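Let's take a walk through a protein fold, piece by piece. Have a look at the sequence and the 3D view first, then read on.

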Amino acid sequence: MTGKRCWEVKVVRLIREGRPEEALALLAEKYGVRPPKLRVGTVKGRRGAVGCYAPKEETIYLSNAEMMFKPYVLLHEFYHHLRSLQGKFSRSEKHAEKFAREFLEFHGS
Ligand SMILES: [Zn+2]
């Protein structure tokens, strides 16, 4: 695979292969931010969510280990991390969904 969008394909592949930390490190590098931490667990008040971002801890919480293999979930939560570090944290679910969906539409195969 060649072309400038190649790294994005790699991100999706790393997640599907069960290497989410490497995928997040690559995303962070490309967006010029610190990588988020990744944990399995839930956050008070958000127990129904498959994933959740805790801005103070810079940590993505996933409800169970299976979610580590879900590119959509990780990309969605990475978007919250990115916005948070850019000082624009909001519970902007629409934007996070759009970011993850478009990333996968173009690079998810
Ligand atoms: Zn969200």
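## Ground rules

Two strands count as paired if DSSP finds at least two bridges between them. Helices (H or I, at least four residues) and strands (E, at least two) are DSSP runs, numbered from the N terminus.

What you're looking at is a predicted model, where local features need pLDDT of at least 70 and side-chain atom pairs count only at pLDDT 80 or more, while totals for chains, interfaces and linings use all residues. Residues are numbered from 1 along each chain as its sequence is written.

## The sheet

In what order do the three strands sit in the sheet? The order is S1-S3-S2, in an open sheet with mixed pairing. At the edges you'll find S1 (37–40) and S2 (51–54), each pairing on one side only. From one strand to the next, the twist averages 25 degrees.

Strands of a sheet pair through backbone hydrogen bonds, either parallel or antiparallel. Here S1 and S3 run parallel and are joined by four bridges, whereas S2 and S3 (residues 59–62) run antiparallel, also with four bridges. Tyr61 is a handy spot to check: in S3, Tyr61 is the bridge partner of Arg39, and Tyr61 is the bridge partner of Cys52 too. Ala54, meanwhile, has Thr59 in S3 as its bridge partner.

S2 and S3 make a hairpin with four residues between them. Glu58 sits in the loop between these two strands. Most residues other than glycine have a negative phi.

Glu58 is partly exposed, with 15 other C-beta atoms within 10 Å. (A residue is buried if 20 or more other C-beta atoms lie within 10 Å of its own, exposed if 12 or fewer, and partly exposed in between; C-beta atoms are placed from the backbone.)

## Helices H1 and H2

Two packed helices are described by the angle between their axes and the distance between the axes. H1 (residues 6–16) and H2 (residues 20–31) pack at about 155 degrees, with axes 7 Å apart. Axes are lines fitted to C-alpha atoms, for helices over the stretch in contact, and angles run from 0 to 180 degrees between N-to-C directions.

So H1 and H2 are roughly antiparallel. (Under 35 degrees counts as roughly parallel, over 145 as roughly antiparallel, 65 to 115 as roughly perpendicular and the rest as oblique.) Residues that meet here include Trp7 and Leu14 in H1, and Leu26 and Leu27 in H2; contact means that the C-beta atoms, placed from the backbone, lie within 7 Å.

## Helices H3 and H4

H3 (residues 71–85) lies across S2 and S3, running at about 15 degrees to S2. H3 also packs with H4 (residues 93–107): their axes come within 8 Å and cross at roughly 130 degrees. That's why H3 and H4 are oblique to each other.

Which residues make this contact? Among them are Tyr72, Leu75 and Tyr79 of H3, with Phe99, Phe103 and Leu104 of H4.

Conventions. Contact = placed C-beta atoms within 7 Å.
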